[in-house]
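This briefing is meant to be read alongside the sequence and the three-dimensional view.

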Amino acid sequence: MRPKTVKIIILVSLLALLGLVFTQVLWILEETRLAGKQFNHRADNALSDVIGELKTNHEAVAVPVDSNTAHNILQVVDTAFLSGLMRKYVNYHRLEGEYYYSIVKSSNDSVVWHSAGFSDDSKKTEPFKACLSPVYKGTYYHLALYFPGKNRIVFSKQIGWILLTLIFLTIISSGVILIVFTYLRQKKLSEMKNDFINNVTHEFKTPVATIALAAEVLMKSDPRSGQERVKNYARIILDENERMKKQIERVLEIAQQDHQEITLNLQECDVHKTISSVIPNICLERSEKEVSVNYNLKAKNPVIRGDMMFLTGVITNITENALKYNNRQPEIRVDTEDANDGILISITDNGIGMSREAMKHIFNKFYRVPTGNIHNVKGFGLGLYYARIMTEAHGGYINVFSDLNKGSRFDVYFPYSAAEKRN
């Protein structure tokens with residue numbers, strides 16, 4: 001599938017997910033609103049039933065309009081009977097939660113009687129009201145019913161739906177995120193694979209062309225030509241063949257280590273001696289420029305118990321990178337110091353440095369800083385991967401610090417005593 005098509009599918013999926021979230025939020029809000037209306041309707045019905053039964057059991061009393069004292073209403077309405085009716089119809093209409101009720105004079109909202117537990121805080125809640133005129137035909141009084149926890153009760157009814165919605169949205173969101181993550185990972189792997197193939201092609205193209213040219217010269221040369229000339233071309237073929245052989249062995253070695261435990265041949269290794277012998281040779285062999293190397297070897301105990309071959313490989317690969325990725329006169333600084341039952345080696349260069357994004361992947365297998373189709377720097381992206389797994393095989397670690405266009409510093413820690421086998 002074309003990358004553009006995949007991006008469109010992912011974008012559409014994300015928009016669909018956002019639409020689904022928006023729809024679910026609206027649906028929950030609407031459900032909450034309807035639940036509130038249902039609660040209000042049941043509360044109004046409960047009050048209507050209470051007034052209806054009060055009317056049935058009390059004879060309506062006609063009181064002059066100016067006889068508006070609370071004493072008169074309380075003579076008509078039996079509060080104990082009223083409490084029984086409230087309890088009966090609140091339960092009948094399935095109204096949950098604490099509730100209070102009172103008899104209120106409508107003209108000034110003064111409470112003439114209230115149920116147990118009623119307080120001024122209860123009046124902060126908007127009450128449900130029912131007029132008491134069917135029972136007391138004098139001054140207007142009404143029955144007020146309060147539910148302080150109404151909103152919490154209504155919302156609690158939606159908790160189950162909200163949780164289910166959140167669970168399904170989490171599952172769907174996780175799936176979409178996983179798809180996006182997998183796509184980006186596959187895209188990255190595809191780029192690394194293409195880069196690796198391009199590098200392999202480039203690495204083998206030069207020696208193959210050289211061998212072909214040398215063989216063609218030998219075929220066309222006069223058999224009577226000098227032996228020295230024949231030896232020179234044969235040496236060229238042998239050298240290029242050896243070069244390709246080493247490249248193949250290096251790739252196979254990394255591939256083999258991916259499937260097997262790394263076995264360390266432990267022995268006493270003097271890190272200072274290894275650095276002093278390896279780095280000058282690498283600078284001499286791998287750089288066409290004069291390399292300035294400054295040593296600041298301050299570790300008091302430079303001897304570790306490790307695998308000399310792998311230790312040499314780690315230092316070699318880091319030094320090679322310092323030389324390869326450098327457009328200026330190479331300058332390398334090597335520091336050592338004692339650190340936490342081991343030794344810390346720091347190799348600093350004045351190379352091209354790398355971005356933060358590149359530093360995240362620099363120790364991954366086959367990863368190389370993207371350069372497009374330019375292959376002026378040789379390699380398969382295995383050197384720093386090799387350095388990492390060999391350092392970790394010793395129980396150590398490797399870190400990189402870098403500034404773009406300024407240089408990089410690799411810190412490699414080896415414990416004094418490495419485990420014999422580590423993955």
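Thr 165 lies within helix 5, which spans residues 159-220, in a model that is predicted. Thr 165 has a relative accessible area of 9%, and because this is under the 20% cut-off, the residue counts as buried.

**Surroundings of Thr 165**
- The side chain of Thr 165 makes a polar contact of 3.4 Å with the side chain of Gln 24, and the Thr 165 side chain also reaches the backbone oxygen of Trp 161 at 2.7 Å.
- When residues up to four places away in sequence are left aside, the residues that Thr 165 touches are Gln 24, Trp 27 and Ile 28.

**Helix 10 and its burial**
- Helix 10 covers residues 383-393 and is mostly covered, with nine of its 11 residues buried.
- Following helix 10 comes Gly 395, which has a positive phi, near 85°.

**Packing of helix 8 against helix 10**
- Two packed helices are described by the angle between their axes and the distance between the axes.
- For helix 8 (residues 308-324) and helix 10, the axes come within 9 Å and cross at roughly 145°, and the crossing is left-handed.
- On the helix 8 side, the residues that meet helix 10 are Met 309, Phe 310, Gly 313, Val 314, Asn 317, Ile 318 and Asn 321, while helix 10 contributes Gly 383, Leu 384, Tyr 386, Ala 387, Met 390 and Thr 391.
- Sorted by class, this contact between helix 8 and helix 10 contains eight nonpolar residues, five polar residues and no charged ones.

**The chain as a whole**
- The protein chain contains 10 helices and 15 strands, and buried residues make up 39% of its 423 residues.
- Of the contacts in the protein chain with a separation of 6 or more, 74% are between residues 24 or more positions apart.

**Confidence of the prediction**
- The pLDDT of the protein chain averages 82, and 87% of the residues score at least 70.
- Among the elements of the chain, the highest mean pLDDT, 94, belongs to strand 12 (residues 342-349), and the lowest, 44, belongs to strand 15 (residues 421-422).
- Over residues 60-68 the pLDDT is below 50, and this stretch has 19 contacts in the model beyond near neighbours in sequence.

Methods. Residues numbered from 1 in each chain as written. Predicted model: local features only at pLDDT ≥ 70, side-chain atom pairs only at ≥ 80, totals over all residues. Heavy atoms only, no water. Buried < 20%, exposed > 50% of the residue type's maximum accessible area, 1.4 Å probe, protein only. Helix = DSSP H or I, 4+ residues; strand = E, 2+ residues; numbered from the N terminus. Polar contact = N/O pair within 3.5 Å; in protein donor to acceptor, adjacent residues only side chain to side chain. Contact = heavy atoms within 4.5 Å. Axes fitted to C-alpha atoms, helices over the stretch in contact; angles between N-to-C directions. Left-handed = near helix turned anticlockwise from the far one by under 90°. Nonpolar A, V, L, I, M, F, W, Y, C, P; charged D, E, K, R; others polar. pLDDT = per-residue confidence, 0-100.
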